[in-house]
Amino acid sequence: MSESQKEAFLGEAWAGLETMNAALVELEGAPQRSEPLNRIFRAAHTLKGMAGMMKYDRTASLARALEDALDGLRQGAYPLAGRADLLFRCFDALAESLRAVERDDPEPDAAPLIHDLRLLAEGAPGPSVALPAAGGPAVSARSETLPVKVERLDLLMNLAEELFVVKMRFDQLGRASRDPELSASVDALDRLVSELQYQVTQARMLPVKFIFNRFPRLVRDLAKQQKKDVVFKQEHGDIELDRAASDEISESLLHLLRNAVDHGIETPEERARGGKPPQGTIRVAAMRTKEAAVIEVADDGAGVDVEGIRRAAARRGYPAPEKPDDEFLSLLAPGVSTTQEPTAISGRGLGLDIVKRNMQALGGSLSVATRPGKGATFRMEFPLTLAVVKTLLVEVGGRVYAVPMTGIERIASVREADVKRVLSAEAFVAGEQEIPLLRLRALFDLPETADSPFPVVVIGRGDRRLGLAVDALVAAQEIVLKPLSRVLRESRHFAGSAIIGTGDPILVLDVGALLLEEEAALR
Amino acid sequence: MKKILVADDSLFMRTAIKDALEGRYAIVEADSGLRSLEQFERARPDLTLLDVVMPEGDETGLHVLRRIMAEDPAAKVVMITALGPRDAVVAECLKAGAKGCVVKPFEKAQLREVVAAFLG
């Protein structure tokens, strides 16, 4: 077997398994529908055929037994109720086989499972009402596509980024030399590199439904474990995400969905007491606004336990929040959980903190809306493309930092004599406005300089303003923003890192976080 | 070199077939029913290996076969299927003009034999 054939096998087999899992969850919710069953059947049939071709005989036998059992279900030989678990176990065993194939290990023995499936297929004569027969030909809009290894795409992306860095060096050389011919060539290079970067970014886009498809099974299993009745709905809206964001999104969804099942949806008895239908609903939806992608996780459960959060925050020494807005700030603070005794599933309530950090790493945000007894909606919002950001480079204490242009309102030059001091806070007047001043030297624990006047970068969002005092303005530059490493994510002040023309790594200031912190300090 | 059109929506199957035949024949690929027809018109293959179950609107293997036969009644088309030679759809394909069928899973040598039988 050629390596490319094995790769093609694994790609299609994993996709088939995801289809099966998602479709069986769907079928459990609507057993009378034939379409999801047909989808599972087709996927099992294809997997059997492929495994046979590859001479993965055990995998092929298991897929064949599954196909027969599904055929029995299709013929109405037995009802799905009470048997879905066996089918799910079979999917898991197939996944186990694929993992063995990936590692070039011998395939696991699935004989007992095959035996169970046989019994199921040959099961007692079924009810007289047969399921509707397979419908017409399946409709799918396949385009001319070919699976590409993700590592290869990442490699391309890295090369494009390195090219971009080299281009920036040429930019600087071009400007320094003032040679018109060199400038023209640099301009041409500039256009090509931008186009290349755009195309590579597009090639890495991943339909959000691929991410969503991982979760129906998870929600089902969690709900079952906790004896809750949950229907899982997804609206993917044909949104595509940069693959660079997919890990963060996946991990965040995992936490939000676990929380929704664990803390959101009540047991059927509790729901009945509250006058709600016994079955809870969890909905994930992807949408796009002009420049951002939005993913919402909504449940119709008990809502977020605000009182519980206050108590939990107080127990851990967080200041007791007074204003409603602050409830969510502390809800999202690390280490605060509403669970008295954390279940094995939701861990210790660090979930939301991880979601929040993931959003920060993507330059996005997390917000929450909750109504007691009615449910909660968690909203993740992040930029659609992550690649290139226009920034202003500033120098503080001999190091260069980047401030995203989108957050900058204006640049000012402030004399030391014009700085007002109120208690420990500082401000300066620009036009009609009094703008709070944050000295980045102080923020980074560096000694103050005696320079006056000094440059101030005024950042703003909504009606909040903050002046950042820096040593010097360096240049306006496009940078390729990368998520921060885990260690740096601990720092609240940075949104990401980047490599600039000189080859030096720099940190990108998080405008949103700085503004929030300033506002919190004013209270 | 004789030309073969491999029409299958599964990359895995196209790779498997190509592995068996490459070097002996020129291979043209199509990954959907619609594109099978386009490729057939453009490439005029000496032999078409056509997947029976290919989802794309109405262009299943059988539909594609019928349209190929209408276009060129002398076309040589061999169906590729996991359904088995006695399946009703396969029987329908043979009636509609397919020259034969290869049942999955198959050995590379088997496929080469079948192809050689039609192309010499």
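Q: In which strand of chain A does A:Val394 lie?
A: This is a predicted model. In it, A:Val394 lies in strand E8 of chain A, residues 388-396.

Q: Is A:Val394 buried or exposed?
A: Count the C-beta atoms around it. A residue is buried if 20 or more other C-beta atoms lie within 10 Å of its own. A:Val394 has 24 other C-beta atoms within 10 Å, so A:Val394 is buried.

Q: What do the totals for chain A look like, in helices, strands and percentage of residues buried?
A: Chain A has 17 helices and 18 strands. Of its 523 residues, 35% count as buried. Now take contacts between residues at least 6 apart in sequence. In chain A, 66% of these join residues at least 24 apart.

Q: How do strands of a sheet pair?
A: They pair through backbone hydrogen bonds, either parallel or antiparallel. Here, an open sheet in chain A has five strands, in the order E2-E4-E5-E7-E6, with mixed pairing.

Q: Which strands stand at the edges of that sheet?
A: Look for strands with a single partner. Strand E2 (230-235) and strand E6 (365-371) of chain A each have one, so one side of each is left without a neighbour in the sheet. The twist from one strand to the next averages 10 degrees.

Q: In what sense do strands E5 and E7 of chain A pair, and over how many bridges?
A: E5 (residues 292-299) and E7 (residues 375-383) of chain A pair in the antiparallel sense, over eight bridges. For a residue-level view, A:Ala292 stands opposite A:Pro383 in E7(A).

Q: Which strands do helices H9 and H14 of chain A lie across?
A: Take each helix with its strands. Helix H9 (residues 215-225) of chain A lies across E2 and strand E4 (280-288), running at about 165 degrees to E2(A). Helix H14 (residues 351-361) of chain A lies across E6 and E7, running at about 140 degrees to E6(A).

Q: How many residues does helix H5 of chain B have, and what should they span?
A: Work at 1.5 Å a residue. Helix H5 (residues 108-119) of chain B has 12 residues, which should span 16 Å. Its end C-alpha atoms are 16 Å apart, which agrees. Just after H5(B), B:Gly120 takes a positive phi of about 75 degrees.

Key. Residues are numbered from 1 along each chain as its sequence is written. Chains are lettered from A and ligands numbered from 1 in the order in which they are written. This is a predicted model: local features need pLDDT of at least 70, side-chain atom pairs count only at pLDDT 80 or more; totals for chains, interfaces and linings use all residues. Helices (H or I, at least four residues) and strands (E, at least two) are DSSP runs, numbered from the N terminus. A residue is buried if 20 or more other C-beta atoms lie within 10 Å of its own, exposed if 12 or fewer, and partly exposed in between; C-beta atoms are placed from the backbone. The expected span of a helix is 1.5 Å times one less than its number of residues. Two residues are in contact if their C-beta atoms, placed from the backbone, lie within 7 Å. Two strands pair if DSSP finds at least two bridges between them. Axes are lines fitted to C-alpha atoms, for helices over the stretch in contact, and angles run from 0 to 180 degrees between N-to-C directions.
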